[in-house]
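Hi everyone, thanks for coming. I'd like to walk you through one model today, and please have the viewer open as we go.

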Amino acid sequence: MKKVMLATAALAIGLAPAMAADPAIRKPAQAKPVQASPDWTIDVGAGAIFTPKFPGAKDNKVLPLPFFAINYRDIAFASTRDGLGINVINAYGFKAGPILKVGMGRQRSDEKTYLRGLTDVDATLEGGAFLSYSYDPYFTTKLEVRKGLASLGGGKRNVFLAGIGINEKSEGHEGIIADLSVDFKLPALFDNRLFISGGPRLSYYDKDYARSFFGVTANEARVSQFAAYAPKAGLGKIGAGASAMYRVTDNTSLVVFGEYGRLMPIPRDAAPVFRNDAAPLFREIVAPGFRDDAAPCGVVLGVGALPVR
């Protein structure tokens, strides 16, 4: 959810009396002072999101979505959508700097049938960098590259492996993800209250990330329905996303967003890691019930653009 801030400017025109028609004696018009931008802006809100249970899941779930976005002088930011970051570069439409985010995990309780025997993947603290370019009011493009840094879970034991004497616990991924997005912006509608944008999405997964979510180890193959499989790096997902924001009042906005993404086989020349019953050319199903069209969508009602001085 991009926060859209509206700025207005006033132009004061002074009308001199008829007797002061001589420019030499006319007093200059007094311009109205321009209000300085606040150091802090804070958006808060709440909503819901309809999303796959885990990356590539066959089924979806509805989750509450607390929303916040904090920005300090367009230098530092923290938000539900963009994570925690700093604009080290901020000039001529370019922004770049470090970023921290939390990547979702995968729990066997999310899909007990297909994930039976597979070790959980904990939520992961991801760190990396971003580069964006905005050509207002037409489009914005952004590239993020992140790596798994630390597990945020408790190291849950795989009870199925424990049953055959193997002690294996869950952990976060240590892989690298690269996300590329382009959002084309429509002209503002309804007296500059409705803002719509959207465009393509592309994701790359390295082998460590792909194996965490889509691979099957030799030990897991012993207690699950899947053959051992180790996917390689490659194009992870391709799709499109869009969002719309309607400013109900000066301080309240309604945001609706959605994304469709198709998970790509990793690698292309191997047995697919995604479940696809309608593809008879696939020679083997080797991974836990993934489908190729999972993507999140949601609605957020929030209070926006609240300046804090």
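Let me start with the rule for salt bridges: a side-chain nitrogen of Lys or Arg has to lie within 4 Å of a carboxyl oxygen of Asp or Glu. With that rule, the count here is 15 salt bridges. Do keep in mind that this is a predicted model.

Let's look at a few of those pairs. Lys101 forms a salt bridge with Glu144, and their closest N and O atoms are 3.0 Å apart. Lys101 sits in strand 6 (residues 94-103) and Glu144 in strand 8 (residues 139-151), so this pair links distant parts of the chain, 43 residues apart. Are these two partners buried or exposed? Lys101 has 18% relative accessibility, and because the cut-off for buried is under 20%, it counts as buried. Glu144, at 4%, is buried too.

Another one for your list is Arg201 with Glu259, at 3.9 Å from N to O. That pair links strand 10 (residues 194-205) to strand 12 (residues 252-263), 58 residues apart. Arg201 is buried at 15%, and Glu259 is partly exposed at 27%. Salt bridges with shared partners also join Arg81, Asp82, Lys101, Glu126, Lys142, Glu144, Arg146 and Asp179 into one network.

Now for the nonpolar side. Which residues make up the largest nonpolar core? There are 8 of them: Val121, Ile177, Tyr205, Tyr209, Ala210, Phe213, Phe214 and Leu263. Helix 2 gives the most to this core, with 4 residues. Apart from it lies another core of 7 residues, including Ala57, Tyr114, Leu115 and Leu118.

Last stop, the second largest pocket, with a volume of about 410 Å³. It is lined by 20 residues, and the closest to its centre are Glu171, Arg211, Ser212, Thr217 and Glu220. Helix 2 (residues 207-214) comes up again, giving the most to this lining with 3 residues. By type, the lining divides into 4 nonpolar, 7 polar and 9 charged residues.

How values were computed
Residues are numbered from 1 along each chain as its sequence is written. This is a predicted model: local features need pLDDT of at least 70, side-chain atom pairs count only at pLDDT 80 or more; totals for chains, interfaces and linings use all residues. Side-chain values use heavy atoms; hydrogens and water are left out. On a 1 Å grid over the protein atoms alone, a cavity is a set of points where a 1.4 Å probe fits but cannot get out, and a pocket is an open set with protein on both sides within 12 Å along at least five of seven lines; lining residues have an atom within 4 Å of a point. Grid points are joined across faces, edges and corners, and a volume is the space filled by probe spheres set on the points. Helices (H or I, at least four residues) and strands (E, at least two) are DSSP runs, numbered from the N terminus. Ala, Val, Leu, Ile, Met, Phe, Trp, Tyr, Cys and Pro count as nonpolar, Asp, Glu, Lys and Arg as charged, and the others, Gly among them, as polar. A nonpolar core is a set of buried Ala, Val, Leu, Ile, Met, Phe, Trp, Tyr and Cys residues joined through side-chain atoms within 4.5 Å. Buried means under 20% relative accessible area, exposed over 50%, partly exposed in between (1.4 Å probe, protein chains only).
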